[in-house]
Amino acid sequence: MIVGLPKEIKNNENRVALTPGGVTELIKNGHTVYVQASAGNGSGFNDEEYKSAGATILPTIEEVYAIAEMIVKVKEPIESEYKLIKPNQLVFTYFHFASHEPLTKAMVESKAVCLAYETVEKKDRSLPLLVPMSEVAGRMAIQKGANYLEKPLGGRGILLGGVAGVAPAKVLVLGGGIVGTEAAKMAAGLGADVTIMDISLPRLRYLSDILPANVKTVMSNSYNIAQAIKSSNLIVGAVLIPGAKAPHLITRAMLKDMQPGTVLVDVAVDQGGCIETCKPTTHENPTFVIDGVVHYCVANMPGAVPYTSTLALTNATLPYVIKLANQGWLTACQNDEELRKGLNVINGNIVYKPVADAFNMSYSPVENYL
Ligand SMILES: NC(=O)c1ccc[n+]([C@@H]2O[C@H](COP(=O)([O-])OP(=O)(O)OC[C@H]3O[C@@H](n4cnc5c(N)ncnc54)[C@H](O)[C@@H]3O)[C@@H](O)[C@H]2O)c1
């Protein structure tokens, strides 16, 4: 198959969908890979490395889209790319269709086959192509939080791990899923006094087994949260209710119960945030202060560490990319239920019901096309 790797052009997006290592694997499997010039620069991979791996470098994005049977990307296509996508072309990337009507309409009109990273789903209902970015964001939440706890950045001036004779900082993690677990691990590793809350007792049992002794597991409810925020120095929001807006576990009124210089990192901001006062911020301007409490609410945290994020993402996507290239999308999706769940649009038809429902567009079950 002819695989095309365009450079990401969305603002501040430095990730790339294939590393030179990924290109090597595709070439080994007998495929041809075209890479747009400088596609990997933002993640630290130059054109020479892609060439050595066996790819051909093309100077423009138009040439990559024109020649490829499968386009592998990171972010959803932006408007200038819509017209480059051809009928029957397979596009494998994050789409997040349900939040973007013009994109959905453009992809329907393109008559391409759109396979979305975010809806590839395993039997246990986990989302293998979302997990790596949650891992990155969870770990980063502590790195950022520790930083903003420094006095010159508005924080209380407390060192996360303390020192001999001085107690460490208290970290509260709301939500014990992927983000929360990674955050708790990082904070514990730095020596903080960590509490992690979740509404799932089985999950708390599991966390209590695997996390070190400086992490306490506590049931999430409004009483326990109200108590814990009074003494917490860093609070990480990591709650997710699939398909719904995050619940506001910390309200505006609760800020007055916190110590001045407390830092809130609301990772769940992309789902509306679990702290009422959070609103999305950017890496250029990541924080704001309300009632003396520092809010960090960057909606695309992994974007700041493109090297790690690219490797983490491509570790997860490459096996699917190879399968799609080896078998073609039709056979691959007939044989593999995980990939089949990723199909959102096929040749002008929406085959993923929540996307059709989001915009009152017509829906046609995926089985009709397999
Ligand atoms: N800002 C970013 O850059 C970024 C990056 C990656 C992920 N995220 C977001 O982070 C959030 C968490 O993602 P995840 O992968 O960890 O999800 P996950 O599904 O693995 O975990 C969510 C956890 O929240 C728990 N939960 C639900 N309601 C709760 C409540 N009331 N109190 C306490 N816990 C509750 C669930 O039981 C679950 O364990 C999502 O909104 C995700 O989109 C943001």
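**Entry 1. Arg15**

I began with Arg15 and left aside its neighbours within four places in sequence; Arg15 is then in contact with Glu8, Ser43, Val74, Lys75, Tyr94, Met133, Pro306, Ser309 and Thr310. I note here that the model is a predicted one. I looked up where Arg15 sits, and found it in the loop between strand 1 and helix 1. Is Arg15 buried or exposed? Its relative accessible area is 8%, and the cut-off for buried is under 20%, so Arg15 counts as buried. I also checked its side chain, which makes a polar contact of 2.8 Å with the side chain of Glu13.

**Entry 2. Glu8**

Glu8 has its place in the loop between strand 1 and helix 1. With a relative accessibility of 7%, Glu8 counts as buried.

Which backbone nitrogen lies 2.8 Å from a polar atom of the Glu8 side chain? I found that it belongs to Val74. The Glu8 side chain also reaches the backbone nitrogen of Lys75, at 3.2 Å. I then listed what Glu8 touches, not counting residues up to four places away in sequence: Glu13, Arg15, Lys73, Val74 and Lys75.

**Entry 3. Glu76**

I moved on to Glu76, in the loop between strand 4 (70-72) and helix 4 (79-82). I read its relative accessibility as 10%, and Glu76 therefore counts as buried. Glu76 and Glu8 are 68 residues apart in sequence, and their C-alpha atoms are 9.2 Å apart in space. Not counting residues up to four places away in sequence, Glu76 touches Lys10, Glu81, Thr93, Tyr94, Phe95 and Leu103.

**Entry 4. Helix 1**

Which residues of helix 1 (residues 20-28) are buried? I noted Pro20, Gly22, Val23 and Leu26. Seen down the helix axis, these buried residues fall within an arc of 155°, so they line one face of helix 1. For background, an α-helix has 3.6 residues a turn, so residues three or four places apart point the same way.

I then looked for what covers the buried residues of helix 1, and the cover includes strand 1 (2-5), strand 2 (32-36), helix 2 (47-52) and helix 10 (306-335). Just after helix 1, I found Gly30 with a positive phi of about 90°.

Most residues other than glycine have a negative phi.

I placed Asp291 in the loop between strand 12 (287-290) and strand 13 (293-296). Its relative accessibility is 49%, so I put Asp291 down as partly exposed.

Asn360 lies in the segment after helix 12 (353-358). Here the relative accessible area is 75%, so Asn360 is exposed.

**Entry 5. Ala192**

I found Ala192 in the loop between helix 7 and strand 8. Is Ala192 buried or exposed? Ala192 is buried, because its relative accessible area is 1% and buried means under 20%. Ala192 and Gly161 are 31 residues apart in sequence, but I read a C-alpha to C-alpha distance of 4.8 Å in space. With neighbours within four places in sequence left aside, Ala192 is in contact with Leu160, Gly161, Pro168, Ala169, Val171, Ala187 and Asn214.

**Entry 6. The ligand**

How many residues surround the ligand? I noted 25, and the closest are Ser134, Asp198, Ser220, Asp270 and Met301. By class, the shell has 16 nonpolar, 7 polar and 2 charged residues.

I sorted the shell by element. Helix 6 (131-148), helix 7 (178-189) and strand 8 (193-198) each supply at least two of its residues. The largest share is 3 residues, and it comes from helix 6.

A backbone N or O atom of Met301 is 2.7 Å from a ligand oxygen. For a backbone N or O atom of Ala299, the distance to a ligand oxygen is 3.1 Å. A polar backbone atom of Leu240 is 3.3 Å from an oxygen atom of the ligand. On its own the ligand has 880 Å² of accessible area, and the protein covers 84% of it.

Terms used: Residues numbered from 1 in each chain as written. Predicted model: local features only at pLDDT ≥ 70, side-chain atom pairs only at ≥ 80, totals over all residues. Heavy atoms only, no water. Near = heavy atom within 4 Å. Polar contact = N/O pair within 3.5 Å; in protein donor to acceptor, adjacent residues only side chain to side chain. Areas by Shrake-Rupley, 256 points an atom, 1.4 Å probe, with all protein chains shown as cover. Helix = DSSP H or I, 4+ residues; strand = E, 2+ residues; numbered from the N terminus. Nonpolar A, V, L, I, M, F, W, Y, C, P; charged D, E, K, R; others polar. Buried < 20%, exposed > 50% of the residue type's maximum accessible area, 1.4 Å probe, protein only. Arc of directions from axis to C-beta. Contact = heavy atoms within 4.5 Å.
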